[in-house]
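Subject: Handover of a structure for your review

Dear colleague,

Please find below the structure that I am passing to you.

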Amino acid sequence: MELSNSEEQLMQILWRKEKAIMKDLLEAYPEPRPALTTIATLLKRMQDKNFVGYTQIGRSREYFPKVSKKSYFSRQMNGFIKNFFNDSTSQFASFFTKETDLSEKELIELRKLIDERIKNK
């Protein structure tokens with residue numbers, strides 16, 4: 001399941017804070033802030049999608065992410081590669097290295113990362 005842009009923005013706040021009550025979430029938004037009811041609606045949808053959980057503390061709920069940022073990003077990247085590069089990581093790597101205008105230093109660092117990954121397989 002995917003998050004909408006609004007849900008993803010809220011999820012970014014939760015990942016950064018790790019745990020937060022509604023007031024903290026609202027204050028983390030830049031101006032103009034969304035309405036409290038908007039955040040409540042987003043949180044409910046994200047709970048239904050199993051991205052967010054909460055702990056009841058008195059009359060307040062402390063929300064927390066149930067999916068790690070790394071896990072979500074990994075799923076998004078895999079879907080991106082599948083949808084835009086015919087499920088070919090080599091096509092993605094080719095596009096990435098040509099179109100992102102990487103410096104020679106960055107390309108060398110990328111090669112080191114790939115060589116290290118191959119060595120550890």
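Is Tyr-72 buried or exposed? Tyr-72 is buried, with a relative accessible area of 4%; buried stands for under 20% relative accessible area, exposed for over 50%, and partly exposed for what lies in between, with a 1.4 Å probe and protein chains only.

This is a predicted model, in which local features need pLDDT of at least 70 and side-chain atom pairs count only at pLDDT 80 or more, while totals for chains, interfaces and linings use all residues. Residues are numbered from 1 along each chain as its sequence is written, and side-chain values use heavy atoms, with hydrogens and water left out.

Aromatic pairs

A search of the whole structure finds nine aromatic pairs. Rings of Phe, Tyr and Trp (its six-membered ring) pair if their centres lie within 6.5 Å; planes under 30 degrees apart are stacked, over 60 edge-to-face, and the rest tilted. Trp-15 and Tyr-72 form a tilted pair, at 5.7 Å centre to centre and 45° between the planes. Trp-15 lies in helix H1 and Tyr-72 in helix H4, so this pair ties together parts that are 57 residues apart in sequence. Helices (H or I, at least four residues) and strands (E, at least two) are DSSP runs, numbered from the N terminus.

Tyr-72 also forms an edge-to-face pair with Phe-51, at 5.8 Å centre to centre and 80° between the planes. Phe-51 lies in the loop between H3 and strand S2 (52–57), so the pair with Tyr-72 in helix H4 ties together parts that are 21 residues apart in sequence. Phe-51 counts as buried, at 2% relative accessibility. Elsewhere, ring pairs link Phe-80, Phe-84, Phe-85, Phe-92, Phe-95 and Phe-96 into a cluster.

Nonpolar core

The largest nonpolar core has 19 residues, of which Leu-10, Leu-25, Leu-43, Met-46, Phe-51 and Val-52 touch the most other members. Such a core is a set of buried Ala, Val, Leu, Ile, Met, Phe, Trp, Tyr and Cys residues joined through side-chain atoms within 4.5 Å. Two or more residues of this core come from each of helix H1 (5–17), helix H2 (22–28) and helix H3 (36–48). H1 gives the largest share, five residues.

Glu-7 is also found in helix H1, and is buried with a relative accessible area of 0%. Leaving aside neighbours within four places in sequence, Glu-7 is in contact (heavy atoms within 4.5 Å) with Glu-2, Leu-42, Arg-45, Met-46 and Lys-49.

Largest pocket

The largest pocket has a volume of about 190 Å³. On a 1 Å grid over the protein atoms alone, a pocket is an open set of points where a 1.4 Å probe fits, with protein on both sides within 12 Å along at least five of seven lines; lining residues have an atom within 4 Å of a point. The volume is the space filled by probe spheres set on the points, which are joined across faces, edges and corners. Helix H4 (69–84) and helix H5 (89–99) each supply at least two residues of the lining. Among the lining residues are Ile-81 and Ala-93, which are twelve residues apart in sequence and 9.7 Å apart in space, C-alpha to C-alpha.

Backbone features

A cis peptide bond joins Glu-31 and Pro-32, with omega about -10°. Pro-32 is in the loop between H2 and H3. Asn-50 is not a glycine, yet has a positive phi of about 70°; Asn-50 is partly exposed, with a relative accessible area of 45%.

Yours sincerely
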